[in-house]
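Me: Can we go through the charged pairs in this one? I'd like to start with whatever is linked up.
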Amino acid sequence: MESIISYFETIPSSHRSLLLVGGITLFWILEGFVPLFKFDYKKWRHALPNLFFTLTTVIINFLLAFLLLKTSDWTVVNDFGILNWLPSMPLWAYIVLGVLLLDFIGAYLAHYIEHKVKPLWMIHLVHHTDHNVDTTTANRHHPLESMIRYAFTLFGVFIIGVPIGIVMLYQSLSLVATQLGHANIRLPKKIDEVLSYVIVSPDMHKVHHHYVLPYTDSNYGNIFSIWDRLFGTFMKLDREAIVYGVDTFPDVLENGSIKGLLKQPFQKYRKPTQ
């Protein structure tokens, strides 16, 4: 375990880039062999706006990365944060708890609040207005949302008191988890269901992308499914019944346009259908 943490403490940018590109490539290929839905679309054309927003997310995270490092180092030096206030524990438990808590604050809590606060929902809307969810949808976030998500992660690092090795491990796992959750792949239903007791499986997350409430306001998790089950936001829906998008923002052309998506958060709020 020490060697794993040591690796992630100094993980090269090239390795993180490989993880991003390699994950998209892997799931892109799998989507061709075992698709959940056979979309009638030009895959590359659909991917362009999503990859654009992936790039903006990468740039924002790169420019602000020093804040994570400084905050993490400060908590370790000053013995501050939840992990530092707990009794000593085995390293593996320390790592698991750190990743779990980061997943709660940086992913679940951030996601939940984005759905409940109207201005934040309008920013997050860009992620939900994809009518053909696939692995490229994973990082389809408006630049404003990338900054909001970053702020939650930074707060998590501060309040939990996580060393940078665990932070980088969490971000790497989060990246792969979100690519898997959005991938247009069909796992055997039983396997998907078993996975969903521990991690956010593809079928579990697809429910969150259904076009009407209450399903849109469910299954907020990213890596672990425990938070949705614990806080009563877990829902099921047969995957064959899922329709992607947001019913009050049905314009397919606008929802596939970089320019349209950049302006989307500034449109008038439209109450989702119950």
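Reply: Start with E31, K43 and D134, which are linked in a network of salt bridges (a side-chain nitrogen of Lys or Arg within 4 Å of a carboxyl oxygen of Asp or Glu). This is a predicted model, where local features need pLDDT of at least 70, side-chain atom pairs count only at pLDDT 80 or more, and totals for chains, interfaces and linings use all residues. Residues are numbered from 1 along each chain as its sequence is written, and side-chain values use heavy atoms, with hydrogens and water left out.

Me: How far apart are the closest N and O atoms of E31 and K43?
Reply: They are 2.7 Å apart. E31 sits in helix α2 (residues 13–33) and K43 in helix α3 (residues 43–77), so the bridge ties together parts 12 residues apart in sequence. Helices here are DSSP runs of H or I with at least four residues, numbered from the N terminus.

Me: Is E31 buried or exposed?
Reply: Buried, at 4% relative accessible area, while K43 is partly exposed at 22%. The cut-offs are under 20% for buried, over 50% for exposed and partly exposed in between (1.4 Å probe, protein chains only).

Me: Switching topic, what does D203 pair with?
Reply: R239, with the closest N and O atoms 2.9 Å apart. D203 is in helix α10 (residues 202–208) and R239 in the loop between α11 (226–230) and α12 (252–255), so parts 36 residues apart in sequence are tied together. Both D203 and R239 are buried.

Me: And how many salt bridges turn up in the whole structure?
Reply: The search finds 11.

Definitions and conventions. Helices (H or I, at least four residues) and strands (E, at least two) are DSSP runs, numbered from the N terminus.
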